[in-house]
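Please look through the structure below before reading the numbered points, which take up a few places in turn.

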2 protein chains.
Amino acid sequence: MQKKGILFVLSGPSGTGKGTVCKALLEKERELYLSVSATTRECRIGEIPGETYHYVTFDRFESMIANGEMLEYAKYNGNYYGTPGESVRKLLNEGKDVMLEIEPQGALQVKKIFPEAVLIFLVPPSMRVLKERLVNRGRETAEEIAQRLETTRWELTQADKYTTQIVNDNLEVCVHEVMAYLNKKRAEQEMIAALINEKLD
Amino acid sequence: MQKKGILFVLSGPSGTGKGTVCKALLEKERELYLSVSATTRECRIGEIPGETYHYVTFDRFESMIANGEMLEYAKYNGNYYGTPGESVRKLLNEGKDVMLEIEPQGALQVKKIFPEAVLIFLVPPSMRVLKERLVNRGRETAEEIAQRLETTRWELTQADKYTTQIVNDNLEVCVHEVMAYLNKKRAEQEMIAALINEKLD
């Protein structure tokens with residue numbers, strides 16, 4: 001049996017540091033492939049097409065949705081963002097472990113299509129710290145932040161649908177915990193494959 | 001928010017020791033409730049109605065299936081066996097952690113109804129040991145055992161849909177690992193509840 005890759009999904013409420021954790025993880029992990037999302041928004045200076053995002057037109061994106069080519073997608077500020085399934089399936093079939101870094105609602109959509117996906121929920125150390133991070137990030141008004149924290153409370157009620165939960169208090173510690181968990185899942189896969197392939201007389 | 005119980009499902013191929021692990025677990029864990037299955041087979045000497053099984057008629061069982069009252073069910077040797085959802089939901093709503101000990105196919109049925117269920121896949125140490133256990137149990141013919149081992153290989157391909165996998169080589173070690181995992185999941189639940197209820201000024 002050809003080894004299939006494992007699909008890891010890193011998610012969690014806004015401000016828990018998904019992007020930072022994911023970036024640090026990919027710097028340490030040579031054998032982990034980040035799936036590149038598609039978007040309809042314009043390419044910004046410093047971004048690399050096919051690396052930061054796949055940039056597509058509205059028509060193209062909507063036909064991908066209609067054809068079931070998106071593992072998950074969402075609309076933010078008038079633009080679509082989503083994960084094309086084809087590239088993910090290709091990497092997995094090549095035996096490569098894939099990482100998706102997406103919003104909580106998208107993560108649960110992926111789980112419906114890939115019930116074997118490993119969903120990691122990043123947990124903020126406290127709501128107070130999360131609020132401080134959002135305030136310090138300075139992207140949103142006080143009202144938007146209050147709204148976001150309400151969304152966070154709802155997202156937290158969905159955390160038990162994830163495979164595991166990891167707190168992001170200290171970045172280095174969190175990244176090591178995520179890596180340890182990835183390796184635990186890889187070991188489980190190896191163990192099961194060895195059993196399936198075990199010859200009996 | 002009233003704390004809800006956690007639904008644990010202990011499963012794994014025939015001969016991995018689900019029943020033995022479950023029994024040992026319940027002896028150690030006061031705060032874990034075993035859901036009693038329903039069956040159409042007759043009550044045997046030494047069994048206690050409502051404790052070993054809920055004994056029901058074929059008509060009753062089939063109407064429970066038709067009304068969606070069964071979380072999972074299967075037919076073995078002409079009799080139905082299944083998990084009535086009502087008692088499980090009642091225990092969970094009372095904040096009690098519930099344990100189901102069921103076959104792999106049933107476990108995945110439960111996951112569809114309760115996406116937050118924690119599925120534990122018991123793994124045999126090797127196919128050779130599993131075969132020995134089945135032979136020593138002496139319940140089946142060589143042909144039946146060969147058939148069962150083929151089923152096991154298929155069930156192993158489904159193991160990645162479970163929340164975690166625990167090897168049952170030494171019973172005591174295995175029971176402690178299951179207990180540690182139960183407590184890890186309880187700690188995650190407490191942590192999330194504390195965040196949801198955290199007051200912000």
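1. Is A:T163 buried or exposed? A:T163 is buried, because its relative accessible area is 8%, where buried means under 20% relative accessible area, exposed over 50% and partly exposed in between, with a 1.4 Å probe and protein chains only.

2. This is a predicted model, in which local features need pLDDT of at least 70 and side-chain atom pairs count only at pLDDT 80 or more, while totals for chains, interfaces and linings use all residues. Residues are numbered from 1 along each chain as its sequence is written, chains are lettered from A and ligands numbered from 1 in the order in which they are written, and side-chain values use heavy atoms, with hydrogens and water left out.

3. A:T163 sits in the loop between α6 (142-157) and β9 (164-167) of chain A, and a polar atom of the A:T163 side chain lies 2.8 Å from the backbone nitrogen of A:L119. Leaving aside neighbours within four places in sequence, A:T163 is in contact (heavy atoms within 4.5 Å) with residues including A:Y181, A:K185, B:T163, B:Y181 and B:K185.

4. Helix α7 of chain B, residues 171-197, has 27 residues and reaches 39 Å from its first C-alpha to its last, close to the 39 Å expected at 1.5 Å a residue. Among the buried residues of α7(B) are B:Y181 and B:K185.

5. A:K131 is in helix α5 (residues 127-137) of chain A and counts as partly exposed, because its relative accessibility is 26%. Not counting residues up to four places away in sequence, A:K131 touches A:I145, A:L149, B:L200 and B:D201.

Methods:
Helices (H or I, at least four residues) and strands (E, at least two) are DSSP runs, numbered from the N terminus. The expected span of a helix is 1.5 Å times one less than its number of residues. A polar contact is a pair of N or O atoms within 3.5 Å; within protein, one must be able to donate a hydrogen and the other to accept it, and residues adjacent in sequence count only if both atoms are side-chain atoms.
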